[in-house]
Amino acid sequence: MREMIPKKISKIDFALMGPKEVRKLSATKVITADTYDDDGFPIPMGLMDLHMGVIEPGLRCKTSGRKMDEDPGHFGHIDLAMPVIHSGYSKTVKDILNATHPASGRLMLTQDRIDHYDKQIQALMDSDAGTTVSIGGIASRAIREATKSKSCPHCGEPKIKVTLDKPTTFREEGRKLTPKEVRSRLEKIPNSDLLCLGFNPKITRPEYMVLTVLSVPPVPMRPSITLESGERSEDDLTHKLVDVLRINQRLRENRDAGAPQLIVEDLWELLQYHITTYFDNQTAGIPTARHRSGRPLKTIVQRLKGKEGRFRSNLSGKRVNFSARTVITPDPYLSINQVGVPELAARELTVPVRINIHNLSFMRQLIKENFVPTDPEKYIPGINYMIRPDGRRVKLTDENWEFNHDRLEPGFIVERHLMDGDIVLFNRQPSLHRMSMMAHEVRIMKGKTFRINLCVCPPYNADFDGDEMNLHVVQSEEARAEARILMRVQEHIRSPRFGGAVIGAIHDHITGMFLLTHGTASYDIDQTVRVLSRVDYKGELPKPEYPKAEGGPRWSGRQIFSVLLPNDMNLKYNASVYFADRTPEENAELDMIVEIVNGNMIRGPVDGNSISAFKGRILEEISRLQGANAAKDFIDKVTRLAVGALMETGCTTGIDDADVPQDALNQITEAQIAAVKEVDKLVNAYNKGKFKPRPGRSVEETLEVEIMGVLGRVRDKSGEIAGWHLGMDNFAVIMARSGARGSMLNLSQMAGSIGQQAVRGERISRGYERRTLSHFNKGDLGADAKGFVRSSYKSGLSPTEYFFHSMGGREGLVDTAVRTSRSGYMQRRLVNALEDLRVKYDYTVRNTANTVVQFQYGEDSIDPTKSKFGKAIDVDGLIEEVAGGK
Amino acid sequence: MNDNILWLNKLVPKHVLLKESEIDGKLTPLNITREQLPKILLKDPALKALDEEAKQNDVVEVHRFSESAGSNIAYRRVVEE
């Protein structure tokens, strides 16, 4: 199948095609506006002439003799009765007309200047690629300069300005210029002036922008379709060409018969209209050409342009085979490297396998199993097609499988169904970074959804509210190896963005580990064994921490967790539950400091600061020092352990987790009343003009800042009051403090008070005249009138509060909507600018022209993926290691 | 470096115009030819502020501050436009 490439392309010139070339390229001249005769046979010299290619099976092309699907077709041409402006070039034509003198055809620049520009363009033409200066840029400067001159420096005559009535009418002092006149002016420009205008006279000439002959695209480019009724329906392009031919014919007849000038001109303009819309049916300033049904015709530009056009839809983006898409659902028992694939999909997706003496019997077994299953419940991969050594594809069916089973031999290729362990690419749109497409190992499963481990949700930004994802089966040995080495999930645990883990324990995993390991939590032998069995732990149990406990020995959660730690790990850090507002001693007392000595957890709970993505210290340490494999193992096991621990303790939250005693509510109300009073005092001072502005601010601004400060403090205060009564026996608090989900602010807004609402970073100020709502007095600057919400989410909001809260909420929604589209386009431009840069072996960053963009990658040659948050060396960790912690 | 006001701005890095004899010694170890260098316009204010007069195809050494490495040296080839 592979054809040899006979010649190497060294250079491509893009230029206008002249009439000579159009005729040379043409397989036939088209003169008849008809397509097929009564028998349905293409009319010679009609638009479907067999010289331009065939679209019917059985017929042969009269130019190349090829059959339907072998022949790409050949261009034809239409000789136009009168010249017509090419609407795509009308602006260039105007510029050139204005830069040259009509009588002499000379460019209105002195010979000196012409030589100057010629030299620049010539130099550019001689140089290789890799420059940002374009010939067009220099030419347009030359044209601009020439347009400025009042008279021609060559003949001395003054020039007259030509204006363009879009799209194709030229005027000179109000008088219309016919395309014929335009063409003859362009013809006059001597070759010596052309280079300056951006034309290479050896290849092209400006008068080619006025058409005398129209190229007709090959028939396979505009195939007609036969409807069910047997009626023929022509392509839009063919329709348009029929219009062109018809008017062309009438124009020629009228002109030759000596018809009145007016009629000829009208027809001429009509021909211009048809040719303009044939190129672009959305040309500004002229009505769109429509089908009989009223549908606008899809002509050449419409085929190419936009999202559904040839470029974006068919060339940049393509539909692919060996892919699947379905809804995703979670499965915590899968490894992060795996993906669960439904059997239904697995039987459609195939991997080509070349038969050799080693896999021959296995493949035969697969064929047999699939047609005569021994256990119908069990998934056994089958074979859809086999490809014989001569390249023929054979589909395996109930009838032929036995025959093909027997003749299978080395050299055949079979297309085997997906099976456990196959490597596939998994992707979720929008694909914003490289972690949006990672390689997973297949696990065939019942059901109809793709199953993924929960830890890979953040990199894909996936959740399970109906998200769908795509799966691609890589087809070659190289691709499989590449995917496994470079794209596997475990290779992406650490992010190149900031040198930390992006895949780690989330939500329940963190809650679970916290519940397992916090405080003095301990487990009897049954529980310990049950939890440890989740991680396939093999070996002796550690010595129980509480050997003499009532009811038998008990193990601490930390002991259970330590099983997963490498023996040489030594760490000391603050847990996520650490109270930032208390002293280290107090925190140590409360068991908020984590200490690991020789792979044993001595104290502290395992929470977000230990195992979560982005900030988990233990995860960070293992993934950086022990490698991707160890990190994958750790994540897989720690999450299973957490799920096991949750099964022992349980965890639930509800509205009663936001319950605080009446006493505390009273305190919050008091604090709010005090704050509102303070605000009133500030407002009073302002109203009496006693308020002093702060440096650099107006009095009003100062007042706002002060009020915002007071109200911000009271929200913190009420949160604090609520917080005192929300202890670590509260699951909502455990989730918030351990870093699993939610924050203490969320909780205090539910239990205490929601606080000040803001629009554009200021207290709410817009609405009615000098007030936000008619519930307040004009000019009221107090807390309630400007969006302070005293209520909590649980107690419910008053009507005015609700309104202010909605205003603030609306701003948040609008902001995110605007931000995503804007940052998306920003990123697209950045990616397009950087996509072909690469780091060479000498650590320079270069582009495709091999020019240097950066002399040393990142200026420090450090791969951020392997760094510790951007630093090549973890100095603190090294000191700790060498000095032994003390 | 002279006392041109331009150099007082902390965002303007130090520029050094290399002598023709120095250029090969700087570029050869880096395995970079002069054509592969990033460009700098002859009319660039930094070139005008130098003591020496730069001309087309000269090479300037730019000592930049680097967030990641502390300092960084880049080379740029002077072009007319």
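The dialogue below takes up strands, then a pocket, then cores.

Tutor: This is a predicted model, in which local features need pLDDT of at least 70 and side-chain atom pairs count only at pLDDT 80 or more, while totals for chains, interfaces and linings use all residues. Residues are numbered from 1 along each chain as its sequence is written, chains are lettered from A and ligands numbered from 1 in the order in which they are written, and side-chain values use heavy atoms, with hydrogens and water left out.

Student: Which strands does E3(A) pair with, to begin with E2(A), and then E4(A)?

Tutor: Strands are DSSP runs of E with at least two residues, helices are runs of H or I with at least four, and both are numbered from the N terminus; two strands pair if DSSP finds at least two bridges between them. Strand E2 (residues 162-165) of chain A is joined to E3(A) by four bridges and runs antiparallel to it, with A:Asp165 bridged to A:Thr169 and three residues between the strands of this hairpin. E3(A) also pairs in the antiparallel sense with strand E4 (residues 175-177) of chain A over three bridges, where A:Phe170 has A:Leu177 as its partner; two residues separate the strands of that hairpin, in which A:Glu173 takes a positive phi near 50 degrees.

Student: Which residues lie nearest the centre of the largest pocket?

Tutor: Rolling a probe the size of a water molecule over the atoms shows where empty space is left. On a 1 Å grid over the protein atoms alone, a pocket is an open set of points where a 1.4 Å probe fits, with protein on both sides within 12 Å along at least five of seven lines, and lining residues have an atom within 4 Å of a point. The largest pocket is lined by 44 residues, with A:Arg434, A:Met435, A:Pro496, A:Arg497 and A:Thr865 nearest its centre, and H27(A) gives the largest share of the lining, four residues.

Student: How many residues are in the largest nonpolar core?

Tutor: A nonpolar core is a set of buried Ala, Val, Leu, Ile, Met, Phe, Trp, Tyr and Cys residues joined through side-chain atoms within 4.5 Å. The largest has 76 residues, and A:Phe634 is among those touching the most other members; H22(A) gives the largest share of this core, eight residues. A second, separate core of 31 residues includes A:Ile96 and A:Tyr117.

Methods:
Buried means under 20% relative accessible area, exposed over 50%, partly exposed in between (1.4 Å probe, protein chains only).
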